[in-house]
Amino acid sequence: SPLRGGGAPRGGPGPPPWMQLAIMELGVHEWNPGDNPRILEYLASVGLGGPDETSWCASFVNWCLRKSGFNGANSGMVSGWFGWGRAIAPAYGAIVIFQPLAAGASGHIGFVHALDEKNVWTLSGNSKNQVRIAAYPKSKLIHNAPYRWPL
C-alpha cells in the first residue's frame, strides 16, 4: 500500500498506528553472541546493515512508521530527524528527540508514551540495548521543536 501522510495528532479512534506496532516490540533486545534479526530489520529500514550493536533508536522509529504506512525520515541518525514532519505540542505517540545524553554520544529518539513534571516517558529502541519505556529528562530535549508528527 502506498505511504500516506498523517492527520492531526488527536483524532481517529485509538492510538496512532505506529504506537500499536512499537508496543508489540517491547522487549526486543540485542543478542550476544549474534545479531537479533528483528533489530537488523529496523536497521535495514534506513539502509543500514548490522551488527545489532549499531545505534538503532532512529532505525526503530523509522521501521515503526513505515510498517504502519507512514513516511519516516529514512535516517539512522538522530540528527536526520531534526525538522522531519511537523512540530506539534507533546502528544501520545509523537516522535520525541533528545540531545546527546552523555559526552561523545549521539542524541536519542523515540515515541512519547507519557509525561511527568521532569521527564518524557519514551517508548524507544536501543534504550539499554532494548525496546523499552523509560524516563528521559525534559532538560535533554533538543531546543528546537523536539516533538514531531508525520506530515
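Select Phe111 to start: it is buried, with a relative accessible area of 0%. Buried means under 20% relative accessible area, exposed means over 50%, and partly exposed is in between, using a 1.4 Å probe and protein chains only. Before going on, note that this is a predicted model, in which local features need pLDDT of at least 70, side-chain atom pairs count only at pLDDT 80 or more, and totals for chains, interfaces and linings use all residues. Residues are numbered from 1 along each chain as its sequence is written, and side-chain values use heavy atoms, with hydrogens and water left out.

**Stop 1: around Phe111**

Phe111 sits in strand β3, residues 108-115. Strands (E, at least two residues) and helices (H or I, at least four) are DSSP runs, numbered from the N terminus. Phe111 and Pro146 are 35 residues apart in sequence, yet 11 Å apart in space, C-alpha to C-alpha.

Next, select Tyr42, Trp56, Phe60 and Trp63. Together with Phe111 they form one aromatic cluster. The rule for a pair uses rings of Phe, Tyr and Trp (its six-membered ring) with centres within 6.5 Å; planes under 30 degrees apart count as stacked, over 60 as edge-to-face and the rest as tilted.

**Stop 2: helix α3**

Select residues 57-67, which make up helix α3. Is α3 enclosed or open? Nine of its 11 residues are buried, so α3 is largely enclosed by the rest of the structure. Colour the buried ones: Cys57, Ala58, Ser59, Phe60, Val61, Asn62, Trp63, Cys64 and Leu65. These buried residues pack against α1, α2, β2, β3, β4 and β5. Contact here means heavy atoms within 4.5 Å. Just after α3, click Gly69: its phi is positive, about 90 degrees.

**Stop 3: α1 against α3**

Show helix α1, residues 17-24, beside α3. The two pack at an angle of about 125 degrees, with their axes 8 Å apart. That makes α1 oblique to α3. Axes are lines fitted to C-alpha atoms, for helices over the stretch in contact, and angles run from 0 to 180 degrees between N-to-C directions. Under 35 degrees counts as roughly parallel, over 145 as roughly antiparallel, 65 to 115 as roughly perpendicular and the rest as oblique.

Which residues meet here? Trp18, Leu21 and Ala22 in α1 meet Phe60, Cys64, Leu65 and Lys67 in α3. By type, this contact has six nonpolar residues, no polar and one charged. Ala, Val, Leu, Ile, Met, Phe, Trp, Tyr, Cys and Pro count as nonpolar, Asp, Glu, Lys and Arg as charged, and the others, Gly among them, as polar.

**Stop 4: α2 against α3**

The axes of α2 and α3 come within 7 Å and cross at roughly 80 degrees. That makes α2 roughly perpendicular to α3. From α2, select Arg38, Glu41, Tyr42 and Leu43; from α3, select Ser59, Phe60, Trp63 and Lys67. Those residues make the contact. They divide into four nonpolar, one polar and three charged.

**Stop 5: two cis bonds**

Most residues other than glycine have a negative phi, and most peptide bonds are trans. Select Asn32 and Pro33: a cis peptide bond joins them, with omega about 5 degrees. Then select Gly50 and Pro51, joined by a cis peptide bond with omega about 5 degrees. Pro51 lies in the loop between α2 and α3.

**Stop 6: the end of β4**

Move to Ser127 in strand β4, residues 119-127. Ser127 is buried, at 1% relative accessible area. Leaving aside neighbours within four places in sequence, Ser127 is in contact with His108, Arg132, Ala134 and Tyr136.

Now click Lys128, in the loop between β4 and β5. Is Lys128 buried or exposed? Lys128 counts as exposed, at 64% relative accessibility. Its phi is near 50 degrees, a positive value in a residue other than glycine. Ala145 also has a positive phi, about 55 degrees, although it is not a glycine. Ala145 lies in the loop between β5 and β6, and is partly exposed at 23%.

**Last stop: Phe98 and Tyr136**

By the ring rule, the count comes to eight aromatic pairs. Select Phe98 and Tyr136: this pair is tilted, 5.3 Å centre to centre, with 35 degrees between the planes. Phe98 lies in strand β2 and Tyr136 in strand β5, so the pair ties together parts that are 38 residues apart in sequence. Phe98 counts as buried at 1% relative accessibility, and Tyr136 as buried at 8%.
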